[in-house]
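Dear colleague,

I am handing over the structure below, and the notes that follow it set out what was found. Please read them with the coordinates open beside you.

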Amino acid sequence: MIRFENVSKTYKNGTPALRNVTLDIEKGEFVFLVGASGSGKTTFLRLLLREEAPDAGRILEAGRDIGELPKWRVPYLRRNIGCVFQDFRLLPNKSVFENVAFALEVIGRPRSTVESQVPQILELVGLADKAKNLPHELSGGEQQRVAVARAFVNRPLILLADEPTGNLDPANSESIMALLERINRTGTTVVMATHDKALVDRMRRRVVELDRGEIVRDQVRGVYGIDEGVAI
Amino acid sequence: MRVYLRYAFKETFTNLWRNRMMTVAAVLTVAVSLSLVGSALLLKQSAAQASAQWQQGTRVTVWMQPNASQSEIDSVKTQLAGMPIVKDCQYFTQAQDYQQAKTLLPADEWSVLTPSATPSSFRCVPTVPTDAFTVQSTFTNQPGVYQVTAPEQQIRQMNHAIRILQIVFLALAAVLLLSATVLILNTIRMAIFSRRREVSVMKLVGATNWFIRVPFITEGFIAGLLGSTVAMLAVTALHTWYPLHNEFALNTSALVGTNTVVLVVGVVIGSVGSAIAIRRFLDV
């Protein structure tokens, strides 16, 4: 599904963000991306969205080299990728329903689709009764569930999550993780960058650890890291 | 497509309403600037027209000696008739000139005048006003010619004054237009800046650039349209009520022309300004 071939990326200030990264992620996998701040996790995700282009190497998604996509095709690439962020990124003046519907309207789905899909997905994330509320009327956990609903409402092939539990308490983190697992079970590939040791350890999924831009560990049923207690 | 049109329409109007202070600011900027631009253009046309009309009235008069012979008079007459730069000539006999002098001069001056002492004259209209000087230099020292008068000084001064007036109005219009463009661009950019979050979310969920751009451009278009409507009203009011009299009075087609310029400029500045202002936020 996702393939990195000797990908390197250095930012303008000279900091190498990724160094010669080669990685394969199969369709339907659930992958944790771990590592200290500045280890290249976010760059990894930005490259997948083609918000950045690699300096060297190729990135393939669904068999296509995304570096060869013309600029105007990039939005179509992003329609196959859902995104969740630590800071939710909801539109503050749109209701929960509108925020989710926005993702469908923007890609030109007819209203009938919007009206059938949105309530369904809100049901899935357990917010059917908050459809009319504005984001600031919800708790952090609820806002993040809206963000997950928005990311998943057009059934993308890939779901990227950048520290989705970073702002949440353990209980809310738990419910977000349950959601992501559920989405993963539908066949969606999930890549999640996180600092949350407890979560990773409990889930026992594939763990890819980055350190200063290099992959230092790739474990099928991994934990956050043995020496983490010391490192952080 | 229909879905998108409905979306763009809805988006445009909710945004105009949601950012109504910004909208009002943009509309007012366009309105004030274009009112001034339109007024300057109108005054420029008015000045140009007055100048043209004054020049139309330019005459050159060839005064003959009171004792000029008939052959001398005939010679001047044939020459004048043969000059392509002279549009029209009328001969005033001594008697006619005497009668006119009677109406023009104070009593104590014309009382010393007799018809036989009065010069006869050719009153001519040159094709181009400045040709009056050529006529003057051609005939001044001809036999039988007393003197040739053209309102030379006045024409020169008037033309000069009006040319300066026109340049001033035009320059004023240009400067105002430039400042209007900058102000509008800035207003729209601020409006978009306050919504960059929304734009970034749109890009995130896979909106194409045109999808994002069109509602903003429509918004700029509408702001430009509203602004230029106000400006057109102001220009029309100036045309109606400002004392542009006599030679300065402009007809309706000049007003329509000016208003068309105002409308087109407003709408173009609004939509192109938006397109330029949003470009920066569409990268990535």
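**Helix packing in chain B**

Helix 1 of chain B and helix 9 of chain B cross in a right-handed sense (a crossing is right-handed if the near helix is turned clockwise from the far one by less than a right angle, and left-handed if anticlockwise; helices are DSSP runs of H or I with at least four residues, strands are runs of E with at least two, and both are numbered from the N terminus). This is a predicted model, in which local features need pLDDT of at least 70 and side-chain atom pairs count only at pLDDT 80 or more, while totals for chains, interfaces and linings use all residues. Residues are numbered from 1 along each chain as its sequence is written, and chains are lettered from A and ligands numbered from 1 in the order in which they are written.

The axes of helix 1 and helix 9 of chain B come within 9 Å and cross at roughly 55°, where axes are lines fitted to C-alpha atoms, for helices over the stretch in contact, and angles run from 0 to 180 degrees between N-to-C directions. The two helices of chain B are therefore oblique to each other (under 35 degrees counts as roughly parallel, over 145 as roughly antiparallel, 65 to 115 as roughly perpendicular, and the rest as oblique). Helix 1 of chain B contributes A8(B), E11(B), T12(B), N15(B) and L16(B) to this contact, and helix 9 of chain B contributes V214(B), P215(B), T218(B), E219(B) and I222(B), two residues being in contact if their C-beta atoms, placed from the backbone, lie within 7 Å.

Helix 9 (residues 209-241) of chain B also packs against helix 10 (residues 252-282) of chain B, at an angle of about 155° and with the axes 7 Å apart. That makes helix 9 of chain B roughly antiparallel to helix 10 of chain B, and this crossing is right-handed.

**Helix 3 of chain A and the contact between the chains**

The contact between the chains takes 17 residues from chain A and 14 residues from chain B. On the side of chain A that touches chain B, helix 3 of chain A gives the most, with 4 residues. That side of chain A divides into 9 nonpolar, 2 polar and 6 charged residues (Ala, Val, Leu, Ile, Met, Phe, Trp, Tyr, Cys and Pro count as nonpolar, Asp, Glu, Lys and Arg as charged, and the others, Gly among them, as polar).

Helix 3 of chain A is largely enclosed by the rest of the structure, because 10 of its 11 residues are buried, a residue being buried if 20 or more other C-beta atoms, placed from the backbone, lie within 10 Å of its own. The elements that cover its buried residues include helix 4 (111-124) and helix 5 (140-152) of chain A, together with helix 1 (2-18), helix 8 (196-204) and helix 9 of chain B.

**Cores and overall make-up**

The largest nonpolar core has 70 residues, and V100(A) is among those with the most contacts inside it (such a core is a set of buried Ala, Val, Leu, Ile, Met, Phe, Trp, Tyr and Cys residues joined through C-beta atoms within 7 Å). Helix 3 of chain A supplies the largest share of this core, 8 residues. A second, separate core of 37 residues includes L36(B), A180(B), F216(B) and I278(B).

Chain A has 8 helices and 10 strands, and 42% of its 232 residues count as buried. Chain B has 10 helices and 4 strands, with buried residues making up 34% of its 284 residues.

With best regards

Conventions: A residue is buried if 20 or more other C-beta atoms lie within 10 Å of its own, exposed if 12 or fewer, and partly exposed in between; C-beta atoms are placed from the backbone.
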